Amino acid sequence: MPNEFHAQLITLLPRLRVQALALTRNRAAAEDLVQDAVANALAAQDSFTPGTNFAAWMHRILRNRFISTLRKQRDTTDIEDLPASAFAVAATHEDRLVLKELGRAVNRLPVDQREALFMVVLQGMSYEDVASATGCAVGTAKSRVFRARRQLQAWLMGEDRATGRSGEAQPSETDSRRDHRLRADAAASGA
Amino acid sequence: MDDDRRIPQLPRREDRGAPHRRRVEEAFAVWLEQKLHELYDSVTREPLPPELLRLIEGQGAEHEPEEGAERKPRENPEREPKD
C-alpha cells in the first residue's frame with residue numbers, strides 16, 4: 001500500500017508528464033525525464049518536508065534532472081512532438097490546424113518561457129510556486145509568462161512584435177498565410 | 001459554440017490604444033488557456049506507464065537511471081546541478 005509520499009507522486013504524475021513535454025518538446029524524452037525524476041525523488045524522499053509544497057518540490061527535481069540530462073546529451077533529441085491525441089478529438093479540420101499552429105508556436109518559445117507558461121496556465125501554479133520551482137524571482141516568473149503570451153499573440157495574430165530575446169525565430173511565410181486565415185475567421189465570428 | 005475556437009480579433013488599426021490592446025491581450029489569454037488545455041490535457045489523461053507505477057511502488061529498482069552517481073539516497077535533487 002503506497003504511503004502518502006507515493007500517493008502524492010502518483011497524483012502528480014500526469015502533470016509532470018505535461019511539464020516534461022514543456023521542457024523536452026519530445027514525447028520519448030519527456031517519458032524518460034519523468035522516470036528519471038521520479039527515481040531521483042524516491043531516492044530523496046527523506047529530504048521532502050511533509051506539509052510543504054510537494055508539486056513545487058517535484059517540479060524542481062524534474063527541472064534539475066532536465067538540466068542535468070541536457071548538459072550530457074547536448075540536443076541529441078531534437079525531434080519536436082505535439083500531442084497527437086489532441087488532434088484526434090478536435091472537432092474540425094480547422095480546429096486541428098489551429099491546434100497545430102499553436103503547438104508549433106509554443107515549441108518555438110524559449111524553454112524558460114514555455115516552462116513558466118505551462119506551470120501557470122496548465123498546472124494552475126501560482127507565480128510564487130513557479131519562482132520556487134524554477135529558482136527565480138517572482139517578478140521573473142511573471143515576466144516569463146507575460147512574454148510567452150505576448151510572443152504567442154504576436155506570432156499567431158500576425159503582430160510584428162517580438163518580445164523575447166534577440167535571435168528568436170520569426171514567423172515564417174506559412175505562418176503569415178495562416179495568420180491571414182485565422183484573422184479572417186476571427187472577423188467572421190465577430191469575436 | 002464556435003466562438004471559443006477562434007483567435008480573438010485584433011482591434012482595428014485606428015483603435016489601437018492601450019485599453020484596446022489590453023482587451024485584446026486579455027481575450028487572447030483566455031483563448032490561449034482554452035487551447036493549451038485542449039492541446040495538452042490529453043497527455044494527462046493517458047494511462048500511466050506500468051513501469052513507472054512499479055518504480056513508485058518499490059517494485060522496479062531495475063528501472064533506476066544508469067547514472068548511479070545521481071541517485072545517491074542522501075543527495076538533494078532539488079539543488080541546481082553543478083557544471
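Predicted model: local features only at pLDDT ≥ 70, side-chain atom pairs only at ≥ 80, totals over all residues.
- Chain A has 191 residues, and 40% of them count as buried.
- Take the contacts in chain A between residues at least 6 apart in sequence: 57% of these join residues at least 24 apart.
- Chain B has 83 residues, with 22% counted as buried.

**Helix H2 of chain A**
- H2(A) takes in residues 27–43, which makes 17 residues.
- From first C-alpha to last, H2(A) reaches 24 Å, close to the 24 Å expected at 1.5 Å a residue.
- This helix is mostly covered, with twelve of its 17 residues buried.
- Among those buried residues are Leu33(A), Val34(A), Val38(A) and Leu42(A), and the list also includes Gln35(A), Asp36(A) and Asn40(A).

**Helix H6 of chain A**
- At 1.5 Å a residue, the twelve residues of H6(A) should span 16 Å, and its end C-alpha atoms sit 15 Å apart, which agrees.
- Ten of those twelve residues are buried, so H6(A) is largely enclosed by the rest of the structure.
- The buried set includes Phe118(A), Met119(A) and Leu122(A), along with Gln113(A), Arg114(A) and Glu115(A).
- What do the buried residues of H6(A) pack against? In chain A, they pack against H1, helix H5 (93–108), helix H7 (127–134) and helix H8 (138–157). Helix H1 (18–45) of chain B is on the list too.
- After H6(A) comes Gly124(A), whose phi is positive, near 70°.

**Where H1 meets H6 in chain A**
- Two packed helices are described by the angle between their axes and the distance between the axes.
- On the H1(A) side, Val18(A), Gln19(A), Ala22(A) and Leu23(A) make the contact. They meet Val111(A), Arg114(A), Glu115(A), Phe118(A), Met119(A) and Leu122(A) in H6(A).
- Sorted by type, the residues of this contact come out as seven nonpolar, one polar and two charged.

Notes: Residues numbered from 1 in each chain as written. Chains lettered and ligands numbered in written order. Contact = placed C-beta atoms within 7 Å. Helix = DSSP H or I, 4+ residues; strand = E, 2+ residues; numbered from the N terminus. Nonpolar A, V, L, I, M, F, W, Y, C, P; charged D, E, K, R; others polar. Expected span 1.5 Å × (residues − 1). Buried ≥ 20, exposed ≤ 12 C-beta atoms within 10 Å, placed from the backbone.
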